Amino acid sequence: MKKYSAFAVAREAIRHHTGWQRAWRDAQPKKRYDVIIIGAGGHGLATAYYLGKNFGITNVAILEKGWLGGGNTGRNTTIIRSNYLQDPSAAIYEKARSLYETMSQDLNYNVMFSPRGVIMLAQTHHEVRGYQRTAHANALQGVQTEFIGPDKVKQLVPIINVDGPRYPVLGGLWQQRGGTARHDAVAWGYARACSDMGMDVIQKCEVTGIRQENGKVTGVSTNRGDIDCDKLGMVVAGHSGHLADMAGFRLPIESVALQALVSEPIKPCMDVVVMANTVHGYMSQSDKGEMVIGGGTDGYNNYTQRGAFHHIEETVRALVETFPMVSRLKMLRQWGGIVDVTGDRSPILSKTPVDGAFVNCGWGTGGFKAIPGSGWAMAELMAKGRSPLTDGFGLNRFQEGRFIDESVAAGVAH
Amino acid sequence: MLILTCPNCGVTAEETEFHAGGEAHLKRFGPGASDADFESYLFMRENPKGVHFERWRHVYGCGKWFHAARDTVTLEVFGTYSAQTSTIPQDIIDNVRDRRPDWQGQDNSQ
């Protein structure tokens, strides 16, 4: 793999860009791998990357039924933050956020991480108290956040209307080191690094069955033939339930559609990420100038990657009071992704009833920000059988009642 | 946009008049049940990619609960029926089989 650098750009400019290589090999499936990861989204690729980097396991295949990063990795609103209330969540999300800081250098791939800061608006007195509590919890967890008043919010976000009649801005939880990153580049960067370590990233390879013997996983059946493995990682977000069904167990997960939309590009007007949970909307401005807007999930089980139109109306209607300028924007695109939501709205990183098979799912509406931390923890879980970062996120918590109750602290109220 | 008919009051309306209530026909477990049964009742869900039986409430109408059979991939609604039942009515099953000949059936044992 040739290193990307300013020198490489200059060299290729001179020879008319004829020397660039493929970022990753178009691999054909082998008969057998030590580890198979199902799902080449951010979480799956990150898992494979840290298996190789941290544990030297490189005989790995990453199977993807569609194209690389074409699921929720390419459909989210790219927000990165770690201002969670509960300790297990703060630990894994802060690990992820800190890995994002050096990701471009680690992968030699520009993921355009922009630590521009994230504000979560408090628009009711209940939210004010909730976020003050979170700020205190974050101080104990070593996550740098601060509760700020409406004046500071207005100073950071000049286009905001802080004294709206229905939802005035009473303050906000400010995480200065939160921000955004280029979502596609995260998947591409990991895929390039995995391929460079000798791993096979196999696209258009759909898993149709999970083979087991005496309760232990032995491989998978795919539309491109059977592939054997010692360990299997299932990292497929919205389709986790479908895959668990193939393996013969059930998951405490329901799949629903979550939508996002972007406006026409406009001049720079907001250089932080703003989330407004009471009114179910969040917004940032991309480098192209588009306002990137996300809202709440649909209420019912859905695999369509579309979502209902009235949810867009609700999201935009909610934002118009807080950001009056939104009413003059034309929206360019709208899309949906299938998010996997668990009973306690926290993810599952766990062993499964099938020996050798591991599951990483349930990230729901907040998976992108967790990608490197999730991959780091999942790799440790798969290589060593346990990880301090995944201890709280096991499947057994639903039976034992040890929930990680983050519904109130998540990006949007669920 | 789903269009549902409330079997309680007979009104046909779009989904904004209703509220989804999750999977239908869950078998309840209470005190004395095993941990696995209680966990299954509270958290484990079929979450099928295809035919799904679910609870809805006519919140901006008569306010009553009912059940619907719907495809989670195409969003086709196969029919709605009263919530006062623990089994799926035969006419709904016939409707589903008519539209989805390879449907495996619903496992009501959990």
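Visitor: To begin with, in which loop of chain A is A:M112 found? From there, please go on to the packing around helix α10 of chain A, whose residues are 371–384.

Guide: This is a predicted model, and what follows should be read with that in mind. A:M112 is found in the loop between α4 (103–107) and β4 (118–122) of chain A. The phi of A:M112 is near 55°, a positive value in a residue other than glycine. Most residues other than glycine have a negative phi. With a relative accessibility of 34%, A:M112 counts as partly exposed. A second case is A:Q305, whose phi is also near 55° and positive although the residue is not glycine; A:Q305 sits in the loop between β15 (290–301) and α9 (309–322) of chain A, and its relative accessible area of 32% makes it partly exposed.

Turning to α10(A), we can begin with its partner α2(A), which covers residues 42–55. The axes of these two helices come within 7 Å and cross at roughly 55°, which makes α2(A) oblique to α10(A), and the crossing is right-handed. On the α2(A) side, the contact is made by A:G42, A:H43, A:A46, A:T47, A:Y50, A:L51, A:N54 and A:F55, while the residues that α10(A) contributes include A:I371, A:P372, A:W376, A:M378, A:A379 and A:M382. Taken by class, the residues of this contact divide into 11 nonpolar, six polar and two charged. Two of the contact residues, A:Y50 of α2(A) and A:W376 of α10(A), also belong to a cluster in which ring pairs link A:Y49, A:Y50, A:Y190 and A:W376.

The other helix to consider is α3(A), which covers residues 87–101. The axes of α3(A) and α10(A) come within 6 Å and cross at roughly 115°, and the two helices are therefore roughly perpendicular to each other; α3(A) passes α10(A) in a right-handed crossing. Here A:I92, A:K95, A:A96, A:L99 and A:Y100 in α3(A) meet A:I371, A:P372, A:G373, A:S374, A:W376 and A:A377 in α10(A). By class, this contact has eight nonpolar, two polar and one charged residues.

Over all chains the count comes to 17 aromatic pairs. In one of them, the rings of A:Y84 and A:Y93 have their centres 4.0 Å apart and their planes at 0°, so the pair is stacked. A:Y84 counts as buried at 4% relative accessibility, and A:Y93 counts as buried at 5%. A:Y93 also pairs with A:W363, and because these rings have their centres 5.8 Å apart and their planes at 90°, this pair is edge-to-face. A:W363, at 8% relative accessibility, counts as buried.

Methods: Residues are numbered from 1 along each chain as its sequence is written. Chains are lettered from A and ligands numbered from 1 in the order in which they are written. This is a predicted model: local features need pLDDT of at least 70, side-chain atom pairs count only at pLDDT 80 or more; totals for chains, interfaces and linings use all residues. Side-chain values use heavy atoms; hydrogens and water are left out. Axes are lines fitted to C-alpha atoms, for helices over the stretch in contact, and angles run from 0 to 180 degrees between N-to-C directions. Helices (H or I, at least four residues) and strands (E, at least two) are DSSP runs, numbered from the N terminus. Angles under 35 degrees count as roughly parallel, over 145 as roughly antiparallel, 65 to 115 as roughly perpendicular and the rest as oblique. A crossing is left-handed if the near helix is turned anticlockwise from the far one by less than a right angle, and right-handed if clockwise. Contact means heavy atoms within 4.5 Å. Ala, Val, Leu, Ile, Met, Phe, Trp, Tyr, Cys and Pro count as nonpolar, Asp, Glu, Lys and Arg as charged, and the others, Gly among them, as polar. Rings of Phe, Tyr and Trp (its six-membered ring) pair if their centres lie within 6.5 Å; planes under 30 degrees apart count as stacked, over 60 as edge-to-face and the rest as tilted. Buried means under 20% relative accessible area, exposed over 50%, partly exposed in between (1.4 Å probe, protein chains only).
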